[in-house]
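Hi,

Here's the structure I promised to send over. Have a look at it first, and then read on for what turned up.

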There are 2 protein chains.
Amino acid sequence: VNADDLARLRRCRLFRDVDQRLLGELLSRFACRIRSYPAGRLIHTRGEPYRNLLVLLEGSLSAEMHDLAGRTLHVETIAAPQAVASAVLFAPENLLPVSIRAARDVRLLSLPAEAVLALCERDSGFLLALLRDMGRRATFLAEKLRLTQFSTLRQKLASYLLERSRRAGTDRFDLTATRQELADVFGAARPSVSRVFGELAREGLLRLEGRRVEILDQPALSRLAADDASGGAPGDR
Amino acid sequence: VNADDLARLRRCRLFRDVDQRLLGELLSRFACRIRSYPAGRLIHTRGEPYRNLLVLLEGSLSAEMHDLAGRTLHVETIAAPQAVASAVLFAPENLLPVSIRAARDVRLLSLPAEAVLALCERDSGFLLALLRDMGRRATFLAEKLRLTQFSTLRQKLASYLLERSRRAGTDRFDLTATRQELADVFGAARPSVSRVFGELAREGLLRLEGRRVEILDQPALSRLAADDASGGAPGDR
């Protein structure tokens with residue numbers, strides 16, 4: 001791990017506050033590897049054991065699934081610098097829930113689970129950052145699962161915005177998620193999300209300025225979301 | 001926290017190996033509370049901040065969501081002894097993703113997040129158990145999300161069993177999940193899961209003995225799962 005890569009690693013939220021000497025010591029004590037992959041390369045396949053935490057230092061990854069009809073389903077875009085699938089590393093069945101493909105040229109650090117544990121034990125800031133990162137992943141999955149009960153992107157976006165408004169306790173709030181993160185949680189393409197935002201704005205349901213959302217017609221947005229909440233999971237029985 | 005409750009706490013996987021004196025010390029240092037609730041009582045509502053880890057000492061809980069049509073969706077059954085929503089406790093947005101209702105009379109220990117962190121720092125066995133528990137939750141959510149692409153319970157069960165078989169590397173394997181856990185991951189009622197198991201056995205696709213599953217006709221099971229994998233999420237675009 002050279003100085004440039006160490007600097008990249010320290011831009012990652014998880015490693016930002018770790019003592020530099022401790023980090024260097026652990027990186028040399030454990031078998032940490034850095035690898036580069038060209039854009040398009042399939043790096044890991046869903047179902048592989050996940051025993052080394054991957055940290056994306058450069059580029060971006062696409063997390064994918066394949067359905068039985070052979071179609072590729074894009075689940076999520078992972079942009080550098082970021083840890084990959086941190087929530088799964090210590091699971092009793094620590095198998096990758098998604099395949100991982102290089103969306104652009106990437107550099108990946110591979111950090112054995114034991115090194116991650118050692119970091120947790122020796123640096124409480126890292127421990128908290130790891131727990132937060134795992135929590136962020138679980139929240140993403142839970143919200144994505146909640147939104148599967150809606151069948152259209154319009155309904156998903158309406159329900160998502162109502163939920164944000166409820167949490168903020170006001171009709172005006174800032175979206176903390178990027179457009180790509182929104183697209184990922186809806187299981188939609190980014191341009192489609194922008195298009196639906198535009199539709200809802202033209203219909204007078206909301207106003208949009210950068211990250212700031214103002215809900216103008218809450219009842220109409222609620223009707224839209226409730227229009228067809230009879231879809232599949234969770235809880236189709 | 002009396003001796004009986006401490007004994008119950010130590011039956012929970014998360015606390016099993018924690019040094020008894022350390023546990024007692026932390027329980028008295030932090031504001032830990034034990035509360036009882038009668039069956040049927042709504043204990044926490046989805047969207048509430050989750051700042052104290054709840055540990056179910058006795059009874060069972062139902063994790064629920066409500067859709068916009070006002071229907072209650074049962075997400076998961078949580079049986080004692082077990083920690084509740086451990087994956088969310090340290091999330092940047094640590095809001096409960098589900099409502100929690102007492103399915104039977106329950107006793108719940110409430111443990112401040114700071115006490116959980118202190119335990120992680122002072123007991124590496126607890127740290128690993130917590131990371132495993134959080135990982136188990138994330139895996140459950142990811143698998144549930146994957147199965148939403150199937151529209152019927154027959155297809156979900158077929159796909160689930162094919163996945164277990166693939167992981168086990170053989171057509172004969174033991175199910176580690178209980179019937180209730182299977183029902184939860186499928187978003188179905190437990191008797192429905194048993195009924196579909198019975199159907200698939202009568203149709204000659206599998207043999208079932210207790211927890212042992214033997215897949216007898218893998219191609220037929222694959223056809224069944226692939227029959228309609230054109231449903232909603234993940235990745236409906």
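Chain A lands on chain B with a 180° rotation and 0.0 Å of shift along the axis, at an RMSD of 0.0 Å. That's the relation of a two-fold axis. Keep in mind that this is a predicted model. As for the contact between the copies, 100% of the interface residues of chain A are also interface residues in chain B, so they meet through the same surface.

Now the sheet. In chain A, four strands form an open sheet in the order S1-S8-S3-S6, with antiparallel pairing. S1 (33-37) and S6 (82-84) of chain A are the edge strands; each has a single partner strand, so one side of each has no neighbour in the sheet. From one strand to the next, the twist averages 30°. If you want to find the S3(A) (residues 52-58) and S6(A) pairing, look for three bridges between these antiparallel strands. A:Leu56 has A:Gln82 in S6(A) as its bridge partner. H3(A) packs on the sheet, where it touches S3 and S8 (106-112) of chain A, and its direction makes about 70° with that of S8(A).

H3(A) (residues 113-122) also has a helix partner: its axis and that of H2(A) (residues 20-29) come within 10 Å and cross at roughly 155°. That makes the two helices, H2(A) and H3(A), roughly antiparallel, and their crossing is right-handed. On the H2(A) side, the contact uses A:Leu22, A:Leu23, A:Glu25, A:Leu26 and A:Arg29, which meet A:Ala115, A:Ala118, A:Leu119 and A:Arg122 of H3(A). By class, that's six nonpolar, no polar and three charged residues.

Cheers

Key: Residues numbered from 1 in each chain as written. Chains lettered and ligands numbered in written order. Predicted model: local features only at pLDDT ≥ 70, side-chain atom pairs only at ≥ 80, totals over all residues. Heavy atoms only, no water. Axes fitted to C-alpha atoms, helices over the stretch in contact; angles between N-to-C directions. Parallel < 35°, antiparallel > 145°, perpendicular 65-115°, else oblique. Left-handed = near helix turned anticlockwise from the far one by under 90°. Contact = heavy atoms within 4.5 Å. Nonpolar A, V, L, I, M, F, W, Y, C, P; charged D, E, K, R; others polar. Least-squares fit on C-alpha atoms with pLDDT ≥ 70 in both. Pairing = 2+ DSSP bridges.
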